[in-house]
Amino acid sequence: MATHALPETPPRQQSARATPDVRLVGVRKTYGEVVAVARVDLEIAAGEFFTLLGPSGSGKTTTLRLIAGFEQPDAGEVRLAGVDITHRPPYARDVNTVFQDYALFPHMTVGENVGYGLRVKGVPRRERARRVAEALELVRLPNVAARKPVQLSGGQRQRIALARSLVNHPRVLLLDEPLGALDLKLRQEMQIELKRIQQDVGLTFVYVTHDQEEALTMSDRLAVFSEGRIEQLGTPAEVYERPATEFVAGFIGVSNIIERDGRRFTVRPEKIEMRDDSGRSGERGRIRDVVYVGMFTRYIVELDSGGELTVVKQNLESSSREALESRGKRVRLEWRPEHTFEIGTGGRE
Amino acid sequence: MESGATRFGLRIWTVLVVLFLWLPLVLIGIYAFNSSNIQSWPIPGWTLHWFATAWHNPDVRSSLWLSVRVGLITTGIALVLGSMAAFAIHRFRFFGRESVSFLLILPIALPGIITGMALNSFFVFAGLGLSPWTIVIGHATFCVVVVYNNVLARLRRTSTSLLEASMDLGADGWQTFRFVVWPVLATALIAGGLLAFALSFDEVIVTTFTAGAQTTLPIFILDNLRQGQQFPIINAVALAVIVLTVIPVTIAQRLTRDTGVLRSTAATAAAAAESVEVTTV
């Protein structure tokens, strides 16, 4: 994957680069004894596709809800385009949310659902109709306006939820695991579709997911959450190739960590070359396990000097039989020095 | 498995059940037009006379009026208390929450005669004279739960993200209530209210203990049946009550259909589930 340092910059971004669209300053949220968000500082630029990635309970959804206004922080500040909105109710914030369960109003038609935000803001009927049609066109469902949400498939409901948020032209769109309820194939289609829409409308997207692949595919930048804190923040390539902590290394991709002389290193499994036992350099070991995954094979190698590493090899020439027979063989592992990183134990004291 | 014979047998059985349910009602309907005041089969001739007589009978009028008043007030109380209780139970976690739920449901499980006796001794103990209000209190004990159950079932099925979505899209509290909460709850309230009214309108047991000398329509019918008096008038009254019950139910169905909630199959299934929940309490 190429570095995603900066996305194709939509025109709005250049003028507004000085002030980030969303800014969280020392935000904290607790529920009684439970700390949902310990302390989060974050800046999201205009036009950016920004992902909050983490396991469940890591505080990513709470952070999104703090931006939406469904929750009030115990401390800290939420700023939207430079304006402090910490204490504004959800309806007075120029953000819209796509909910995990879509939250379509069951008693309204699709058209009424999409036009709801315009209706409560008093937009005249004719303009409303025009913008609803436009939004439905954008999500490629122009002919369902008269139907009820229950008459749509899961994927269609997802698109309608998206249209209902986009129709208001919010400053920032918040998406709470919007693809979580879809099956794999549909999810992959929607990932591409979402990215297309985001680039079409040039809107800031804040996207919550626990799916690392989704985060790597779609984001311009992402923040990895753990226990109410941001463990690492960066482009997908940075976070994947240079995980800052053990948690990030393990959560994104495979945890491949070895300890040498009291220092801990990580190396991604596809960066390791597996050679026969003869040479001198590299780490020696024995193949403990072989997992054939079709496109590639995963080898788990027990190292002589302690620890084990996962190695991934594309099945370019080897057949499944050959791969599986290599179990128990002695091997030597090598990788280029720039592919290994020393990591800390985590951001927590 | 479902052979032709079974299907035929099932059909016959269904017809028999429907007949069993409806034949007595049809019989009353026919007797209401009986020209003789003696119930004998076949009826000697047809007349509308008994409707006029019933309409001008002061006892019928006063008992009907009392029943309607009690039914309406009870329904009002049930709607307010039942929906408020449902909101509270649904929204908040508090000490004694389960007991409140249990206490609300208890009266409908308790035999009416126990409720009636208990209320009667309480009214005597408290020195409250028996009045339409004591009837209302008696009926309210088991009507509140009907609305409560309907509204709670609807609230449980309504995801909280609907309200958040509404606010998120720019609606303030009042708009959210008007455009989302009310339409989603309206059908549950109408269904609960109708059921409450119907329960109150034909209640006999609790009423006998809380009415004293007052006569509601069902008590009037029961008294006259017991004394073997005025059969033709009772038949006419009964037919009128049947018709009067069918009309609001039909209207309510139309109304709920227009809000669109019931048009969808999922919602219809859910509504069916709600009524099941009510009847199984």
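In this predicted model, H7(B) passes H8(B) in a right-handed crossing. On the H7(B) side, the contact is made by B:Leu162, B:Leu163, B:Ser166 and B:Met167. H8(B) brings B:Gly173, B:Thr176, B:Val180 and B:Val181 to the contact.

As for the geometry, H7 of chain B covers residues 160-168 and H8 of chain B covers residues 173-201. They pack at an angle of about 125°, with their axes 10 Å apart. Angles from 65 to 115 degrees would count as roughly perpendicular and those over 145 as roughly antiparallel, and H7(B) and H8(B) are therefore oblique to each other.

Chain B has another helix pair to look at. Helix H5 (residues 112-126) of chain B packs against helix H6 (residues 132-157) of chain B at an angle of about 140°, and their axes are 11 Å apart. That angle makes H5(B) oblique to H6(B). H5(B) and H6(B) cross in a right-handed way. From H5(B), the contact takes in B:Thr115, B:Leu119 and B:Phe123. H6(B) supplies B:Thr134, B:Ile137, B:Gly138 and B:Thr141. By class, the contact of H5(B) with H6(B) has 3 nonpolar, 4 polar and no charged residues.

Here are the two pairs again, one per row.

| Helix pair | Packing angle | Axis separation |
|---|---|---|
| H7(B) and H8(B) | about 125° | 10 Å |
| H5(B) and H6(B) | about 140° | 11 Å |

What is the secondary structure of chain B as a whole? There are 12 helices and 0 strands in chain B, so the pattern along the sequence reads α-α-α-α-α-α-α-α-α-α-α-α. Of the 281 residues in chain B, 39% are buried. Take the contacts in chain B between residues at least 6 apart in sequence, and 71% of them join residues at least 24 apart. Chain B exposes about 15,800 Å², and carbon and sulfur atoms supply 73% of that area.

One residue in chain B deserves a stop. Where is B:Thr216 placed? B:Thr216 is in the loop between helix H9 (205-211) and helix H10 (217-226) of chain B. With a relative accessible area of 2%, B:Thr216 is buried, since buried means under 20%. Setting aside neighbours within four places in sequence, B:Thr216 is in contact with B:Ser63, B:Leu66, B:Ser67, B:Ile135 and B:Thr207.

On to chain A. Its secondary structure comes to 10 helices and 18 strands. The C-alpha atoms of chain A fill a box of roughly 80 × 45 × 40 Å along the principal axes. Chain A has 349 residues, and 49% of them count as buried. For contacts in chain A between residues at least 6 apart in sequence, 65% join residues at least 24 apart. The accessible surface of chain A is about 16,500 Å², with 48% belonging to carbon and sulfur atoms.

Within chain A, A:Arg288 sits in strand S14 (residues 283-292). Is A:Arg288 buried or partly exposed? A:Arg288 counts as partly exposed, at 35% relative accessibility. Its contacts, not counting residues up to four places away in sequence, are A:Ile300, A:Val301, A:Glu302, A:Glu308 and A:Arg327. A:Arg288 and A:Tyr299 are 11 residues apart in sequence, and their C-alpha atoms are 7.6 Å apart in space.

Two loop residues in chain A are worth checking for their backbone angles. A:Ala81 has a phi near 50°, a positive value in a residue other than glycine. The loop that holds A:Ala81 runs between strand S4 (75-80) and strand S5 (83-84) of chain A. A:Ala81 is partly exposed, with a relative accessible area of 26%.

A:Glu177 is not a glycine either, yet its phi is positive, at about 40°. A:Glu177 lies in the loop between strand S7 (172-176) and helix H6 (184-201) of chain A. A:Glu177 is buried, with a relative accessible area of 9%.

Conventions:
Residues are numbered from 1 along each chain as its sequence is written. Chains are lettered from A and ligands numbered from 1 in the order in which they are written. This is a predicted model: local features need pLDDT of at least 70, side-chain atom pairs count only at pLDDT 80 or more; totals for chains, interfaces and linings use all residues. Side-chain values use heavy atoms; hydrogens and water are left out. Axes are lines fitted to C-alpha atoms, for helices over the stretch in contact, and angles run from 0 to 180 degrees between N-to-C directions. Helices (H or I, at least four residues) and strands (E, at least two) are DSSP runs, numbered from the N terminus. Angles under 35 degrees count as roughly parallel, over 145 as roughly antiparallel, 65 to 115 as roughly perpendicular and the rest as oblique. A crossing is left-handed if the near helix is turned anticlockwise from the far one by less than a right angle, and right-handed if clockwise. Contact means heavy atoms within 4.5 Å. Buried means under 20% relative accessible area, exposed over 50%, partly exposed in between (1.4 Å probe, protein chains only). Accessible areas come from the Shrake-Rupley method with a 1.4 Å probe; for residues, only the protein chains shown count as cover. Ala, Val, Leu, Ile, Met, Phe, Trp, Tyr, Cys and Pro count as nonpolar, Asp, Glu, Lys and Arg as charged, and the others, Gly among them, as polar.
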